[in-house]
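Subject: Structure handover

Hello,

Here is the structure I promised to pass on. Please open it first, then read my notes below.

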Amino acid sequence: SFRAPSIENINYSLTGNILPEKTEVAEAEFGYTLTRKMILTANLFDITTKDPIIYYGISDEEQGYGEAEATGSRGVEVDYRFKDTWGFVNVNYAFYTAQGKYRLETYEVPDVPSFHLAFPAHKINLNANYKITKDLSVNPSVWFRGKRYGYDSYDDSTGEYLIKEFEPSLFFNMFVHYERKNFHAGIGVYNLLNQEMMLIQPYNSYHAPLPGPSREIVVKLGYNFNFKKKEK
């Protein structure tokens, strides 16, 4: 596949000329039906992007888009699904590494060749639904992100922006839903544990990571009006 440069990429090009980036993907997926209610799948992938269009923040005055030789990653994703009359459980795990791929100074983490800036190597997601009654159900979800790296501060003595290791994070959400005939209502809490969510830039943006949303409570009420179409 390929991606052509946008007008913005061309206008802010450091060289005045940008070629399309080309991506080669090798992928294999395997699945097995464990029982009538359970299925397990695994996906192996290897991605290489040549002439990637990337943002360069060389200095406060010199910033723009340019090309690099290549970049990429490889990894595996595993997905488990279980469904029954009482509800369902979905769990997936993803792992990626940049080890053995082309390294770009813009995205790389010094002395940690398996990581790209801002991206965790390990991710786990869990989503479930349990029917307490025919009308009432609860939907918990959990997602885990492994450690990440990103630019965090500026060293006045050396004039360099420093990269920090961010601890793994665990987020828990809960939503309760009630539905009877045309009426439905729900209440949910996102980021129930009020964990710190940091939005890390995958390059040197000359500022620290931005804070993400904290705990959030959502209430939903709804009613469906089933208007019948008038017959002629």
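Buried means under 20% relative accessible area, exposed means over 50%, and partly exposed is anything in between. Trp-143 has a relative accessible area of 23%, so Trp-143 is partly exposed. Keep in mind that this is a predicted model.

Aromatic pairs

The count comes to 7 aromatic pairs. Two of the pairs are described here.

Trp-86 and Tyr-130 form a tilted pair. Their centres are 6.0 Å apart, with 45 degrees between the planes. Trp-86 sits in the loop between β6 (70–84) and β7, and Tyr-130 sits in strand β10 (residues 122–131). The pair therefore ties together parts that are 44 residues apart in sequence. Trp-86 counts as partly exposed, because its relative accessibility is 31%. Tyr-130 is partly exposed as well, at 44%.

Trp-143 and Phe-171 are stacked. The distance is 4.3 Å centre to centre, and the planes are 20 degrees apart. This pair also links distant parts of the chain. Trp-143 belongs to strand β11 (residues 136–145), Phe-171 to strand β14 (residues 169–180), and 28 residues separate them. What about burial here? Phe-171 has a relative accessible area of 3%, so Phe-171 is buried, whereas Trp-143 is partly exposed at 23%.

Ring pairs also join Tyr-55, Tyr-65 and Tyr-203 into a cluster.

Around Thr-106

Thr-106 lies in the loop between β7 (87–97) and β8 (108–109).

Nonpolar surface patch

The surface carries a nonpolar patch of about 1000 Å². Its members are Tyr-178, Phe-183, Ile-187, Ile-217, Val-219, Leu-221, Tyr-223, Phe-225 and Phe-227. Which strands each supply at least two residues? They are β15 (183–190) and β18 (216–223). β18 gives the most, with 4 residues. Phe-227 is in the segment after β18. Its relative accessible area is 74%, so Phe-227 is exposed.

Best wishes

Methods: Residues numbered from 1 in each chain as written. Predicted model: local features only at pLDDT ≥ 70, side-chain atom pairs only at ≥ 80, totals over all residues. Heavy atoms only, no water. Phe/Tyr/Trp six-rings, centres within 6.5 Å; stacked < 30°, edge-to-face > 60°. Buried < 20%, exposed > 50% of the residue type's maximum accessible area, 1.4 Å probe, protein only. Patch = residues over 30% accessible without salt bridge, like charges linked within 9 Å, V, L, I, M, F, W, Y side chains within 5 Å. Areas by Shrake-Rupley, 256 points an atom, 1.4 Å probe, with all protein chains shown as cover. Salt bridge = Lys/Arg side-chain N within 4 Å of Asp/Glu carboxyl O.
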